[in-house]
Amino acid sequence: MKKTAFSARVAATMKLMLCVGATMAMTMPAHADEMFRVAYAGSMGVVMDKALGPAFAQREHVTYQGQGEGAYGLARLLASGRSTADVFVSITPGPMAILKDAGLIDEAVPVASTRMVIAYNPKGRFGKAFRLAGTDAAHPAWWKVLQTPGLRFGRTDPATDPQGQNIVFTLMLAQKYYDQAGLAQSVLGDIRNPQQVFGEGGLLTRLEAGQVDAASGYESATRSARLPYVALPDEINLSNPVFAKTWYDTVSFTLPAADGKAKTVRPQPLVFYAARLKNAANPKAADDFLSFMTSAQGQQLFDENGYGRPKGDALYH
C-alpha cells in the first residue's frame, strides 16, 4: 500500500511538472532567443544602447546588440560584408549612399536630427555674456562674443572629425547670414588652428573644466552633458535639409587627402537616417525597429537624450 501511494504521488508530481512546463512553453516569447543587431553612428551610443535598444528588446522579446563606430567607416564595413547588421542608423546622407551604391538598402528614413550649437561654461568669464547674447541692444550677439579678445574657443580637427568640419561650415554660413566679412577667420583662425583643436572625446570635458570658454558641439551631446549653449538659426546650424542645396552648399573648404591631393568638403544636413539592410538576418525586427524609432515612444526617448525631431523626406524613396 505504501509503495502504491508513493508511486501515485510521484506520478501526480510528474504530471504537475509537465503541465507547468507546457504552460511556460506557451507563455514564453516566441522570439526570446533571436538576435537583433543595429549598427549606428558612434555618437549615438547612449541613446541606442541605454534607451532605444533595451526598450525595443523588452517590447519585442529579442536580444539587442549594438555596434557604434564612425558612420562612414561602419558603412564601408557593412558594404564589404566584413560586418553585418539588421538596421543601420547614420548621421547625414553620406554614409547611406555607400550602402545604396552597394545594393544593400532601398530607402533610408529620417528618425531624428541634431544641430550645431555653441556650448559655453556658465561659470566662466564669458558665461553671462553668452547667456544674455542678443537679448537686447545692450548685449552683443553670440558671434560678437566669440570675437572677444582673450576668449578661448575649442573645436575638433576638421581633417579627422565631421564635427570639426561642421563648425567651420557654421561660421562660414554665419559670416554670410549676418553679412560680417571676415567673421569665420576672426573666430577660427586657420582651418586646423592648433590653439583651438582638441580631441572629440575630451572637448566638452575641457569646457566643463574651464580650459576653454566656449566650444563647438552637437545639441544632442551638449544636452546630454547638461551644458548650456547658444541655439543658432537653421540657416547656420546645418539641421534642415530644406536649406541643403540652396544655402548650405554655398560654402566649402579644402583639406589634404590621404593621397596628398586636396579635397573639397561640403556640409550635409545633421539628420539621422535609418535603413533596413537587404541581408538582414531578422528583417521583421528590422522593420519593427524602424517603426519604433518614429513612434511616440521612440521619439520621446530621442528627445530625452537630446535629439530633435526628424526632418525632411526619406532618401531614395
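Trainee: In β2, which residue is the bridge partner of Ala 41?
Mentor: The model is predicted: local features need pLDDT of at least 70, side-chain atom pairs count only at pLDDT 80 or more, and totals for chains, interfaces and linings use all residues. Residues are numbered from 1 along each chain as its sequence is written, and side-chain values use heavy atoms, leaving out hydrogens and water. Strands (E, at least two residues) and helices (H or I, at least four) are DSSP runs, numbered from the N terminus. In β2, Ala 41 has as its bridge partner Glu 69.

Trainee: Do strands β1 and β2 pair in the parallel or antiparallel sense?
Mentor: Two strands pair if DSSP finds at least two bridges between them. β1 (residues 35-41) and β2 (residues 63-69) have 7 bridges. Their sense is parallel.

Trainee: Are α2 and α12 parallel or oblique to each other?
Mentor: α2 packs with α12 (residues 283-294) at about 120 degrees, axes 11 Å apart. Axes are lines fitted to C-alpha atoms, for helices over the stretch in contact, and angles run from 0 to 180 degrees between N-to-C directions. Under 35 degrees is roughly parallel, over 145 roughly antiparallel, 65 to 115 roughly perpendicular and the rest oblique. The two helices are therefore oblique.

Trainee: How many charged residues are in the contact of α2 with α12?
Mentor: Contact means heavy atoms within 4.5 Å. Among the residues that meet are Arg 59 and Glu 60 in α2 and Asp 288 in α12. By class there are 8 nonpolar (Ala, Val, Leu, Ile, Met, Phe, Trp, Tyr, Cys, Pro), no polar (the others, Gly among them) and charged (Asp, Glu, Lys, Arg) 3.

Trainee: What is the orientation of α2 and α13 to each other?
Mentor: α13 covers residues 296-304, and its axis lies 10 Å from that of α2. The angle is about 165 degrees. The pair is therefore roughly antiparallel.

Trainee: Which strands stand at the edges of the sheet with β6 and β8?
Mentor: 4 strands form an open sheet with mixed pairing, in the order β6-β7-β5-β8. Each edge strand has a single partner, so one side of each is left without a neighbour in the sheet. The edge strands are β6 (153-154) and β8 (229-230).

Trainee: In β7, which residue is the bridge partner of Ala 119?
Mentor: β5 (residues 116-120) and β7 (residues 214-218) run antiparallel, joined by 5 bridges. In β7, the partner of Ala 119 is Ala 215.
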